[in-house]
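This briefing concerns the arrangement of strands and helices in one protein model, together with a few individual residues in its loops. Please consult the sequence and coordinates shown below while reading.

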Amino acid sequence: MRLTVSVTVERWPVAGSFIISRGTKNYVDVVLCDISDGTHKGQAEATPIYYEGENAEKCAAEIMRFSAKHPDLDRAVLLQNMPRGAARNALDCALWDLECRKKNIPLWQAAGLPKPGPLISAFTISLGQPEIMEAHARQAALDGHKLLKLKLSGENDHERVAAVHHGAPDARLIVDANESWNDLDIAAEAAQLAQYSVELIEQPVSAGRDHLLSGVRSPVPLCADESCHTSADVQRIAPFYDAVNIKLDKAGGLTEAMAMARAAQAADMTIMVGCMLSTSLGIQPAFALAQLAQWVDLDGPLLLAIDRIDGFRFGSGRILPAESAG
């Protein structure tokens, strides 16, 4: 069936600023993709992966080039002919949405996923001086967030985690090292953080240097993020990690993200579902997949100054779909 594809680039302001070891973001550019069969329209949002050289304009152009070359577009064609990334994510998820609207069924049912319920989502504490992170954590706890995700840099990480724990002593903690521990004693760093009941350490070493984790006995589970993009990567990184962070922009769509989840389960790895900065539309398919996850990090819309109308509802540290999200 020949489909009509259109794409728009949108800029959404961040609430304050979003700071990680790679830099600061004050806004996020997203790609909004619409696919129509003439009767029904599917819509999806994707966030370009800037650290892989993507940007919104490039992704939008890629979507239009691919759809022009493949007018009989479907998910199998996407997986076989388009590289992973935000452009493929936008097309893949828009196709899922189109199917759901044609069949008048919710996404979880179309994808064979569990019926969704409320989830505890991490709330991100941006990288900063320990006292600033402590203040942000204290406010996050007062706002009802029960799971905090700390951005680290490989310098003074113990002091940052200690400060956050002091500011929010009852909150569960996970940390994202953002590939910054290459030259550190990883087991010793993890042992320091374990005393604060840190539950998970994301991407301690650079992608491609996962061998640095060989033989490391960490008291805290290690989770692959940048080192694992698709299901084909899972077996390669499984010897070094206990968990994998699945992001739809990174995987190139819900279809491949579900394949990653199956591969992780087969490798006896724990699943985390995360996101880039995005609006509620961007995390809608990830929320369906996150029903399989032990850790959920879908706070992208919460980090924006504003969200889409009828977006997800956040309260008491939980994320719930709006009534219109099915």
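The points that follow treat the sheets, a helix pair and selected loop residues in turn.

The model is predicted. Eight strands form an open parallel sheet, and three strands form an open antiparallel one. Helix α5 packs on the eight-stranded sheet, touching β5 and β6, and its axis also comes within 8 Å of that of helix α6.

**The parallel sheet**

- The strand order in this open sheet is β5-β6-β7-β8-β9-β10-β11-β12, with parallel pairing.
- The edges are formed by β5 (123-125) and β12 (295-296); each has a single partner strand, so one side of each lacks a neighbour in the sheet.
- Helix α5 touches β5 and β6 as it packs on the sheet, and its direction makes about 160° with that of β5.
- Strand β6 (residues 147-151) runs parallel to β7, and five bridges join the two.
- Within this pairing, Lys-149 has Ile-174 of β7 as its bridge partner.
- Strand β7 (residues 172-176) is mostly covered, with four of its five residues buried.
- Further along the order, β9 and strand β10 (residues 243-246) run parallel and are joined by two bridges.
- Cys-223 has Ala-243 in β10 as its bridge partner.

**The antiparallel sheet**

- The three strands of this open sheet follow the order β4-β14-β13, and their pairing is antiparallel.
- Two bridges link β4 to strand β14 (residues 318-320) in the antiparallel sense.
- Ile-120 stands opposite Arg-318 in β14.

**The α5 and α6 helix pair**

- The axes of helix α5 (residues 130-142) and helix α6 (residues 157-167) come within 8 Å and cross at roughly 30°.
- An angle under 35 degrees counts as roughly parallel, so α5 is roughly parallel to α6.
- The crossing of these two helices, α5 and α6, is right-handed.
- On the α5 side, the contact involves Pro-130, Met-133, Glu-134, Ala-137 and Arg-138.
- On the α6 side, the contact involves Glu-159, Arg-160, Ala-163, Val-164, His-166 and Gly-167.

**Loop residues with positive phi**

- Asn-178 is located in the loop between β7 and α7 (186-194).
- Although Asn-178 is not a glycine, its phi is positive, at about 50°.
- The relative accessibility of Asn-178 is 6%, so this residue counts as buried.
- Gln-203 is located in the loop between β8 (198-202) and β9.
- Gln-203, likewise a residue other than glycine, has a positive phi near 35°.
- With 0% relative accessibility, Gln-203 counts as buried.

- Thr-230 belongs to the loop between β9 (222-224) and α8 (231-237).
- Its relative accessibility is 15%; because buried means under 20%, Thr-230 counts as buried.
- When residues up to four places away in sequence are not counted, Thr-230 touches Arg-84, Ala-251, Glu-256 and Met-260.

Key
Residues are numbered from 1 along each chain as its sequence is written. This is a predicted model: local features need pLDDT of at least 70, side-chain atom pairs count only at pLDDT 80 or more; totals for chains, interfaces and linings use all residues. Side-chain values use heavy atoms; hydrogens and water are left out. Axes are lines fitted to C-alpha atoms, for helices over the stretch in contact, and angles run from 0 to 180 degrees between N-to-C directions. Angles under 35 degrees count as roughly parallel, over 145 as roughly antiparallel, 65 to 115 as roughly perpendicular and the rest as oblique. A crossing is left-handed if the near helix is turned anticlockwise from the far one by less than a right angle, and right-handed if clockwise. Contact means heavy atoms within 4.5 Å. Buried means under 20% relative accessible area, exposed over 50%, partly exposed in between (1.4 Å probe, protein chains only). Two strands pair if DSSP finds at least two bridges between them.
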